[in-house]
Amino acid sequence: MDRYLMPGKLTGMSTVSLEVRIGDLFLKNPLIAASGTYGPDSFELIPPSLFGAVCTKAVTLNPVEGNKPPRLFEVKGGLINRIGLQNPGVNQFIGDIYPRYCQYDTPVIINVAGFAVNEYLKVLKILEENIKDSVIYELNISCPNVEKGGMAIAQHLPSLKRLLTKAREITNKPLWVKLPPQGDLNKLLKVSEETLVEAVVIANTYRALVIDKETGEIYIGGLSGPAIKHLTLNLVNQARQLTPLPIIGCGGVGDLESLMQYLKLGARAVQLGTSLFSNPDTPSTIISELTNFLNTKNLNSLHDYLHPPGSFKVIDKREKGVGNLQLGSQKSIKGRVFNARNIIRVKEIKSDEDS
Ligand SMILES: Cc1cc2nc3c(=O)[nH]c(=O)nc-3n(C[C@H](O)[C@H](O)[C@H](O)COP(=O)(O)O)c2cc1C
């Protein structure tokens, strides 16, 4: 098993450890390259080793051409994209694209998408049969610029529940769900909890409208970048109070301040997308500024900054038996510290005994 999937002690590359924990997974730092904004063509400019993990572009069952141009609009404070899940399909992903990620040690997150529940499941099965490495799956149920699938699944909770339940049956590897910014956050989180996903990514882009300056044509796409940061911070804050699941913040991260804002609100890590386009130095700058910041505080690790000794509190169980956790998604029960998944398991065992 790869080192990064093994529970273990904090190990940083530099003298200051930036390691973060997401469920049973340890990443060497809290920066993750967001889906669709980073891939093998960027590896030379922005090496994968800078990140705690890198996420692939969406992978679907069959090749998808995506929308016709124009597909990318620069707007004040960010980008509106209407790429439309363009990708060469799962088989070409396995044959041509994934091997390029394997040349690096950085953990790979495969963003899985589809136009119906069964398509997601077929993609997962094919990936499971062909990729034996310890990858992470991120189920993209939140693409705002395709008509079927994606966001439509997030809007139909029984379909989402079926998708997540079946996905859990197909793989033991970590399953993350990338949520849309719109929709009933509480219900989306509850379905995610019930189906034992390891983490939720909050959130995808925001459905937005742009008028082409040249043609006057109206286009709908997904808004990303600094313009959405405060909206997504608000969602992360709400989610933190609704679920013990580990949260990965995603929206407008482009500097140390934005990373720290997400971490302060309880996110375990962040994904960054648009900032990789606007400034390829963003991840290296954040990492060196974070290291300097911890050095000036005489701290050995990011963990010590986020969780100073003695900071874990026992928080009462909520009515459904899952803790409402402020300090990351850990909970102490009778002196033992559990992460979100353990807590759900504890709850399950308890209800079995009760019946
Ligand atoms: C050009 C572009 C392509 C994207 N493609 C995907 C995708 O394939 N799958 C996905 O889940 N998110 C996709 N996203 C959304 C990003 O992963 C991320 O959720 C979003 O951009 C918000 O983060 P940011 O503000 O840091 O860019 C894409 C975003 C952009 C700008």
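Modeller: The model is a predicted one. We may begin with L196, which has 17 C-beta neighbours inside 10 Å and therefore counts as partly exposed.

Biologist: Where is L196 placed, and what is the value of its phi?

Modeller: L196 is found in the loop between α5 and β10. Most residues other than glycine have a negative phi. L196 is not a glycine, yet its phi is positive, with a value near 60°.

Biologist: What is omega for the peptide bond from I202 to A203?

Modeller: A203 belongs to the loop between β10 (199–202) and β11 (206–211). The bond that runs from I202 to A203 is cis, and its omega is near 10°.

Biologist: Which residues of α4 meet α2, and what is the make-up of the contact by class?

Modeller: From α2, the contact draws on V117, Y120, L121, L124, K125 and E128. Their partners in α4 are S159, R162, L163, K166, A167 and I170. By class, the residues in this contact are 7 nonpolar, 1 polar and 4 charged.

Biologist: What is the handedness of the crossing between α4 and α5?

Modeller: Helix α5 spans residues 185–194, and its axis is 9 Å from that of α4 at an angle of about 25°. The two helices are therefore roughly parallel. The crossing of α2 and α4 is right-handed, and the crossing of α4 and α5 is likewise right-handed.

Biologist: Which residues of α5 make the contact with α4?

Modeller: The α4 side is formed by L157, L160, K161 and L164. By class, the whole contact has 4 nonpolar, 1 polar and 2 charged residues. The residues that α5 provides are K187, V191 and S192.

Biologist: Which residues come nearest to the ligand?

Modeller: The shell around the ligand comprises 8 nonpolar, 15 polar and 2 charged residues. The elements that give two or more residues to that shell are β6 (78–81) and α8 (274–278). Of the 25 residues around the ligand, those that come nearest are G36, A58, S224, G273 and T274.

Biologist: Which residues does F73 touch beyond four places away in sequence?

Modeller: F73 lies in strand β5 (residues 72–75) and, with 18 C-beta neighbours inside 10 Å, counts as partly exposed. F73 and G222 are 149 residues apart in sequence, while their C-alpha atoms are 10.0 Å apart in space. The residues that F73 touches are L79, I80, V210 and G221.

Biologist: What is the C-alpha to C-alpha distance between L306 and R268?

Modeller: L306 is part of helix α10 (residues 302–306). With 18 C-beta neighbours inside 10 Å, L306 is classed as partly exposed. L306 and R268 are separated by 38 residues in sequence, and the C-alpha to C-alpha distance is 9.9 Å.

Biologist: Finally, what percentage of contacts between residues at least 6 apart in sequence joins residues at least 24 apart?

Modeller: The protein chain contains 11 helices and 16 strands. Of its 355 residues, 46% count as buried. Among the contacts in question, the share that joins residues at least 24 apart is 65%.

Terms used: Residues numbered from 1 in each chain as written. Predicted model: local features only at pLDDT ≥ 70, side-chain atom pairs only at ≥ 80, totals over all residues. Left-handed = near helix turned anticlockwise from the far one by under 90°. Helix = DSSP H or I, 4+ residues; strand = E, 2+ residues; numbered from the N terminus. Contact = placed C-beta atoms within 7 Å. Nonpolar A, V, L, I, M, F, W, Y, C, P; charged D, E, K, R; others polar. Axes fitted to C-alpha atoms, helices over the stretch in contact; angles between N-to-C directions. Parallel < 35°, antiparallel > 145°, perpendicular 65-115°, else oblique. Near = placed C-beta within 6 Å. Buried ≥ 20, exposed ≤ 12 C-beta atoms within 10 Å, placed from the backbone.
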